[in-house]
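This report describes one protein model, from its surface and outline to its charged side chains. Please look at the sequence and the structure before reading on.

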Amino acid sequence: LETPPVVVIGVVGYIETPRGLRALKTVWAEHIGEEAKRRFYKNWSQSKKKAFTKSSTKWADDLGKKEIEKDLAQMKKYCTVIRVIVHTQMKLLHRRQKKAHIMEVQLNGGSVADKVDFARNHFEQKIPVTNVFNMDECIDIIGVTKGHGFKGVTSRWHTKKLPRKTHKGLRKVACIGAWHPSRIQFTVPRAGQKGYHHRTEINKKIYRIGEGYKMK
């Protein structure tokens with residue numbers, strides 16, 4: 001698995017509300033790479049490329065710097081969950097895609113102030129895989145299964161095919177429920193989306209983390 005270092009470009013602070021977490025403040029780094037900006041556009045070549053031009057000017061003048069410090073202070077005071085915004089480096093992989101993937105990664109350990117300071121000190125810094133995972137560590141992996149589109153019950157739920165002489169098709173479910181309750185129960189197999197489902201596999205051991213090629 002290729003794991004080029006990810007780049008930290010921002011930090012988000014969340015507060016706990018009765019309805020769950022709510023993002024309180026987001027602070028972006030001064031310089032955000034072109035590949036990360038591409039994520040915010042459908043057509044990069046024909047766009048005006050204005051993303052983050054306003055937020056980066058905050059770092060230039062004193063008023064903006066004060067606002068950033070105020071936001072960070074508010075995070076330290078009110079937030080319970082701190083997450084950094086990171087993006088992948090597509091240019092190191094030399095694939096067809098140039099648009100970076102952007103995700104939030106939660107910071108754990110230490111006080112909230114420590115987390116905010118950690119995020120602030122790592123703005124625009126690269127974080128290699130060795131800073132996050134170690135050898136012989138057990139981790140969970142999250143991914144998406146292979147997509148198969150809209151499928152019938154035979155393929156999707158592996159129900160028994162009906163006999164050959166069946167009227168109006170045989171890759172069906174013969175009885176989808178009793179008269180009463182006069183609704184279809186959720187346990188009855190129906191046709192629909194197969195695959196492209198979010199899955200988490202637990203307890204994968206990291207046998208080795210290689211050095212990889214040294215990029216210039």
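## Surface and source

The protein exposes about 16,400 Å², of which carbon and sulfur atoms supply 54%. Accessible areas come from the Shrake-Rupley method with a 1.4 Å probe, and for residues only the protein chains shown count as cover. Buried residues (under 20% relative accessible area; exposed is over 50%, partly exposed in between; 1.4 Å probe, protein chains only) make up 25% of the 216 residues.

This is a predicted model, in which local features need pLDDT of at least 70 and side-chain atom pairs count only at pLDDT 80 or more, while totals for chains, interfaces and linings use all residues. Residues are numbered from 1 along each chain as its sequence is written, and side-chain values use heavy atoms, with hydrogens and water left out.

## Fold and outline

The protein has five helices and nine strands. These are DSSP runs numbered from the N terminus: helices are H or I with at least four residues, strands are E with at least two. Along the sequence their pattern is β-β-α-α-α-β-β-α-β-β-β-α-β-β.

The C-alpha trace spans about 80 × 45 × 45 Å along its principal axes. The radius of gyration is 25 Å, whereas a compact globule of 216 residues would have one near 17 Å. This radius is taken over C-alpha atoms, and the globule rule is 2.2 Å times the number of residues to the power 0.38.

## Salt bridges

Side chains of opposite charge can pair when their charged atoms come close. A search of the whole structure finds eight salt bridges, each a side-chain nitrogen of Lys or Arg within 4 Å of a carboxyl oxygen of Asp or Glu.

One of them joins Glu2 and Arg95, with the closest N and O atoms 3.6 Å apart. Glu2 lies in the segment before strand 1 (6–17) and Arg95 in the loop between strand 3 (81–87) and strand 4 (102–106), so this pair ties together parts 93 residues apart in sequence. Glu2 is exposed at 56% relative accessible area, and Arg95 is exposed at 52%.

## A bridge between strand and helix

Which residue forms a salt bridge with Lys25? The partner of Lys25 is Asp71, and their closest N and O atoms are 3.8 Å apart. Because Lys25 lies in strand 2 (residues 20–28) and Asp71 in helix 3 (residues 62–78), the pair ties together parts that are 46 residues apart in sequence. Lys25 is partly exposed at 26%, while Asp71 is buried at 9%.
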